[in-house]
Amino acid sequence: MDIMQAIKERHSVRAFSDKPLPEEIVSQLKHEIASCNAQSGLHMQLVVDEPEAFDCRMAKYGKFSGVRNYVAMIGPKGSTLDEDCGYYGEHIVLMAQQLGLNSCWVGMTYQKVPHAYEIKDDEKLTAVIALGYGETSGRAHKTKTPSDVSSNLRDAPDWFLRGVEAALLAPTAVNQQKFVLSYEGDNRVHAKHGIGFYAKMDLGIIRYHFECGAAPQKVAWV
Ligand SMILES: Cc1cc2nc3c(=O)[nH]c(=O)nc-3n(C[C@H](O)[C@H](O)[C@H](O)COP(=O)(O)O)c2cc1C
């Protein structure tokens, strides 16, 4: 499955079967997470076979069931933490989709389980990403249109529209899609988030999707 197919087929899934993650998949995910951590300075950790995080009222209210595996999105406190978590976390989400797994970003409806991962003194847990074999593969979210999120589409090259379309398929908190993408000439793109919960994390996710949609064009974020 190529990355664009993964983008199209990914939907949030909250109910998982009890099928465990195969060792081979665990090791591929761990390897990729380590490489993203080395690149970004984040401290993301894959937590396998840990049922407590989703064994709480919030998670049940949020209709989560069978969640035993997740990525703990952890990194050094700072102004770019949320956006970095969004960007690199979505890379892992799409890789998981390519490996046949389902996923859901979770900022609110879980509980912290401090013994399940390591958070250093200067670090923070920003969210988790539930992973596993879904009871279903989810369904497409209601979406804004390209012209709702970018003003100068007519003057922009094809790759910019492809990027915007991929961004609109991205997960955002409560499906808020509060972002604006503008073409700034040559290969330059400006991405801005609106006001809302997790809007900075959403923007990192959006930027990752945009880059996938725009490829092979390389994007310079300005
Ligand atoms: C940063 C972030 C935080 C989220 N937090 C939660 C959450 O706490 N509980 C939940 O059920 N879904 C959560 N979601 C999932 C969104 O509701 C979902 O991505 C959105 O409705 C779009 O649907 P889709 O992912 O199927 O495309 C979150 C998504 C993102 C990106």
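Author: Here is a short chat about the structure shown above.

Author: This is a predicted model, in which local features need pLDDT of at least 70 and side-chain atom pairs count only at pLDDT 80 or more, while totals for chains, interfaces and linings use all residues. Residues are numbered from 1 along each chain as its sequence is written.

Reader: Thanks! How many helices and strands does the protein have?

Author: The protein has 7 helices and 7 strands. Helices (H or I, at least four residues) and strands (E, at least two) are DSSP runs, numbered from the N terminus. In order from the N terminus, the elements are α-α-β-α-β-α-β-β-α-α-β-β-α-β.

Reader: And what does the C-alpha trace span along its principal axes?

Author: About 50 × 40 × 35 Å. For 222 residues, a compact globule would have a radius of gyration near 17 Å, and the protein's 17 Å agrees with that. That radius is taken over C-alpha atoms, and the globule rule is 2.2 Å times the number of residues to the power 0.38.

Reader: What share of the residues count as buried?

Author: 42% of the 222 residues. Buried means that 20 or more other C-beta atoms lie within 10 Å of a residue's own, exposed means 12 or fewer, and partly exposed is in between, with C-beta atoms placed from the backbone.

Reader: Let's look at helix 4. How many of its residues are buried?

Author: 16 of the 18 residues in helix 4 are buried, so the rest of the structure largely encloses this helix.

Reader: What comes just after helix 4?

Author: G100, which takes a positive phi of about 90 degrees. G100 sits in the loop between helix 4 and strand 3.

Reader: Is G100 buried or exposed?

Author: G100 is exposed, with 10 other C-beta atoms within 10 Å.

Reader: Switching to strands: which strands pair with strand 2?

Author: Strand 1 (residues 45-47) pairs with strand 2 in the antiparallel sense over 3 bridges, and strand 4 (residues 123-132) runs antiparallel to strand 2, joined by 8 bridges. Two strands count as paired if DSSP finds at least two bridges between them. As for bridge partners, Q45 has A72 in strand 2, and V71 has I129 in strand 4.

Reader: In what order do the strands of the open sheet come?

Author: The order is 5-6-7, and the pairing is mixed. Strand 5 and strand 7 (220-221) are at the edges with a single partner strand each, so one side of each has no neighbour in the sheet. Strands 5 and 6 (residues 188-193) pair in the antiparallel sense over 5 bridges, whereas strands 6 and 7 pair in the parallel sense over 2 bridges.

Reader: Last one: which residues are closest to the ligand?

Author: S12, W105, G107, M108 and P171 are the closest of the 22 residues that surround the ligand. A residue is near a molecule if its C-beta atom, placed from the backbone, lies within 6 Å of it. Strand 3 (102-106) and helix 7 (199-214) each supply at least two residues of that shell.
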